[in-house]
Amino acid sequence: MAGDAHEGPRAAVGLHGDASLRLLAKLKFKGALRLQVRRAKRPAGMLFFGLGLLLMGAWIFSLFKGAAGGMREAAEPPDERTALFVAQVAIAGIVLLSILGALQFRGLFLPREEIERLFSAPLTRAQLVAYRLTTAQSRSLFGAALFGVVCAQRAGNGLYGFCGAALAMLTVPVLGQAAAILFGDAENRLARLAKRLPLRLFSIVGGVALGLLAVWLVFGPEESPFAPPELESLRDSAFLQALLLPAWPWARAMVARDFATFAPSFAFGLAFLWLARRATCALKVDFRELSLETSADVARRLNRMRKGGVANQAEAARAPFGWTPPWLFGRGPFGAIARNELAAILRKARGTLFLLVVAGALLAFFSHMLSRKLASSAAAQAGVDALQEARLAASGGVALLLVVGTAYLCSSLRFDFRSRLHQMDQLKAWPVGGATVFLAVIAPETLLVWLIVALGVLAPAAFAGSIAGWHVAAVLFQPLLGLAWVAIDNAVFLRAPVRYTPGEDSAFLHMGRALVLMLLRLFFMGGSLFVALLPGAILLYGLQAADFAPTVAWTAALSVAWFVLALCCAGIVWLGGRAFDAFDVARDRG
Amino acid sequence: MNASQAPALEVLAFGKTYETHRAVHDLSFVVQPGEILGLVGPNGAGKTSTLRSIAGVLPVAEGRILVDGWDVALHEQQAKSRLAWIPDDPQPFDTLTVWEHMEFSAALYRVREWRARADALLSDFELTEKRDALGGELSRGMRQKLAFACAWLHEPRLLLMDEPLSGLDPRGIRSAKQSIQRRAEAGSAVVLSSHQLDLIEELAHRILILDRGAKVFDGTLEEARARVAPGSSLEDIFFAITKDPKG
């Protein structure tokens, strides 16, 4: 008779869930290690793994060194009330972010290889929650230790600071999971109404608002109507004290200077963690449908994330702005391929594109503010006049915007070969040369980045009525810089088409490889700029030595640099075409 | 109720609604031990929703489902310990070896003395050589075979399979068919959902046809032939019974 092989009913849920789930966690951990070792056995894998390990080790060492220094300096005690307040704010902020994140992960998140298997297995939901909490807390261990080390630097007692902070960090996943299940329950109860609530948007807007608040408090302009309040006045606010009261025990453990203060707070935190785990496991909520939706949603998002930047993660919309994408690059094969990419940008980026423009404007503003500050201190040191200071500030702001803006926008958009890796079979079959396909794929993104940066450069200058030569030069140089960067980035990517998403295993190996590939890109970019700027610099030096007017000398030098950079771009595109031709579709690890 | 004489599966007035879409309504059927039920229907007929609800992956909000006499909603664990669910695209754990999948399945369903049985199953499904291969290294067909082996390990009283043969090579298809038949002969009830009508025709003792969430036929192939036309194939029956959405 079938079914005689299995044992009787299972025991009630323990603190760490069912034995089979503990076995699963153990096997998965062992498997991840085995995979890491297997990959690291290859020469390239070993090199990348070593580099990744070195990077991580150096970072952790710097943290520990800082922590040790902090502990030594702790003989000079900081203001206890302020330290307590800052710790409370930090804990409350992390918990709030975690709860906002729970809006996106309603129910219980289980990866796709687990969900159908575990939901159909004879396990209680409490056991599944316990397993998930253990997994989440295990993943948090490393982060908790790092956060503990960072806090130990500033704490009155390094050990207490470490323990208090680590305990707080291990409690956060439990609160986040409880919130996710309760949000899911609310959604189940509110049914249609909840479906209409844009919870993910709330989550994103909430996160952005918190981020902006933090930026304002730290970097807000002083001596202006928008000046942020002093830390002391925030600390003494009765309203904030009441609001932050729930974070008090953990904060108190973090900033404690003696055992008598630390012990009760830490004990309370431990008891709370135990109770919170039990309570979360005991929640009587049927989260299965929401969990299935969440898991499918996360799988979709991860899949999109593997295709490129943030903009690529959006779903495509059918009718962008009610019109079809224009044929900006002609009606030939090149134009058709480029239009395809343009359509992807317009149909997918939507809100992201708008956010990028806003981010670009903010970047322009901050680069202007920062360059003003820097120029002011530089001018004070050099003793230059106010006009020179203003010029220095403006040119510094433009240069900053040009470099940071281009890098930021290119890494955010990523409508390039990353998003086409799964379609390389088709791309390779197109009756067009490799370089043409290569350029056509990256041209729309380059154009878009140019438009946004040009807007960021020219709009503030036009508003101030002071468009100068360097503004025009920046706008003329940006498309070449952008094209060179995107082309190098994609050429390297086509030679080493590997993608990594958060949560994947072999993190050290990926970290090392990412470092090598980034250095390679920077090397090519630096080489291109050097080759392009050298003739211009020589010409400038010669013309200045021959007493030509500065305007003439600069115009001639920049023109030569522009043409040489354009030639470099052509060369990089050709190399990119070669990389495309050499791309082996059988190698695709997408 | 713990009735070993109870049907292996009893579905009573089951319904499933997604927001405003009614995927399945008023569905009732019974599967006896040793019986293979072929579940067929056009896309969107509600086959997978039904199977996932029986498996306990989706909650049962309407009607009742009893597995070996245990109500899936009220005695979830008892019911689940008696069934095995193989989805249409089984996902193994990337970092676990084939053998570790068996080890985990044995722990999950509390199978005693599982090693010899696991060895035999791996041999049956031609996975012995892949014993130490990682889940992420398996082809589509191998994944399917591994899912079969894991599902067979605890000798379930009820087997639920959604498109079980997709991705298998001819040899794999033959061994899977034989294995399903052997499981039925050993007393397991099997519910087999597939668009491969020849497979259903070959294996199923009884056929349940769903269309737009409703049962439109439940009976043997002979009964279906008697209703449509003598000597007709399951394909003919399928087209005769289900409606063309275009009218």
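This is a predicted model: local features need pLDDT of at least 70, side-chain atom pairs count only at pLDDT 80 or more; totals for chains, interfaces and linings use all residues.
Which residues are buried in α1(A)? I would like to start there, and the answer is that S20(A), L21(A), L24(A), K28(A), G31(A) and A40(A) are buried in that helix.

G143(A) sits in helix α5 of chain A, which covers residues 125-154, and it is partly exposed, with 14 other C-beta atoms within 10 Å. In space G143(A) lies 7.7 Å from M169(A), C-alpha to C-alpha, although 26 residues separate the two in sequence. The other residue is D547(A), which belongs to the loop between α19 (507-545) and α20 (550-582) of chain A. Its phi is near 65°, a positive value in a residue other than glycine, and D547(A) counts as exposed because it has 7 C-beta neighbours inside 10 Å, where the cut-off for exposed is 12 or fewer.

Let me now turn to chain B. Its secondary structure comes to nine helices and ten strands, and buried residues make up 48% of its 247 residues. If we take the contacts in chain B between residues at least 6 apart in sequence, 70% of them join residues at least 24 apart.

How are the strands of chain B arranged? One open sheet has four strands, in the order β2-β1-β4-β5, with antiparallel pairing. At its edges are β2 (21-31) and β5 (70-71) of chain B, each of which pairs on one side only. Helix α1 of chain B, residues 47-54, packs on this sheet, where it touches β1, β2 and β4 (62-67), and its direction makes about 120° with that of β1(B). Strand β1 of chain B, residues 9-18, is joined to β2(B) by seven bridges, the two running antiparallel, and in that pairing Y18(B) stands opposite H21(B). Strand β2 of chain B also holds D26(B), whose phi is near 50°, again a positive value in a residue other than glycine; with 13 C-beta neighbours inside 10 Å, D26(B) counts as partly exposed.

The other sheet I want to describe is an open one of six strands, in the order β6-β7-β8-β3-β9-β10 of chain B, and here the pairing is mixed. Its edge strands are β6 (83-86) and β10 (214-219) of chain B, each pairing on one side only, and the twist from one strand to the next averages 15°. Within this sheet, β7 (residues 158-162) and β8 (residues 189-193) of chain B run parallel and are joined by five bridges, with A189(B) in β8(B) as the bridge partner of L158(B). Helix α6 of chain B, residues 170-185, lies across β3 (36-40), β7 and β8, running at about 145° to β8(B).

Next, the cores. The largest nonpolar core has 105 residues, of which A149(B), L153(B), L160(B) and L192(B) touch the most other members. Helix α5 of chain B, residues 140-153, gives the largest share of this core, nine residues. Apart from this core lies another, of 57 residues, among them F438(A), V453(A), L494(A) and A557(A). Returning to L192(B), and leaving aside its neighbours within four places in sequence, its contacts include I36(B), L37(B), M161(B), P164(B) and I200(B).

Finally, what does the contact between the chains take from each? There are 34 residues from chain B and 31 residues from chain A. On the side of chain B that touches chain A, the elements giving two or more residues are α2 (76-80) and α3 (98-108) of chain B, and α3(B) provides the largest share, four residues. By class, that side of chain B has 17 nonpolar, nine polar and eight charged residues.

Terms used
Residues are numbered from 1 along each chain as its sequence is written. Chains are lettered from A and ligands numbered from 1 in the order in which they are written. Two strands pair if DSSP finds at least two bridges between them. Two residues are in contact if their C-beta atoms, placed from the backbone, lie within 7 Å. Axes are lines fitted to C-alpha atoms, for helices over the stretch in contact, and angles run from 0 to 180 degrees between N-to-C directions. A nonpolar core is a set of buried Ala, Val, Leu, Ile, Met, Phe, Trp, Tyr and Cys residues joined through C-beta atoms within 7 Å. A residue is buried if 20 or more other C-beta atoms lie within 10 Å of its own, exposed if 12 or fewer, and partly exposed in between; C-beta atoms are placed from the backbone. Ala, Val, Leu, Ile, Met, Phe, Trp, Tyr, Cys and Pro count as nonpolar, Asp, Glu, Lys and Arg as charged, and the others, Gly among them, as polar.
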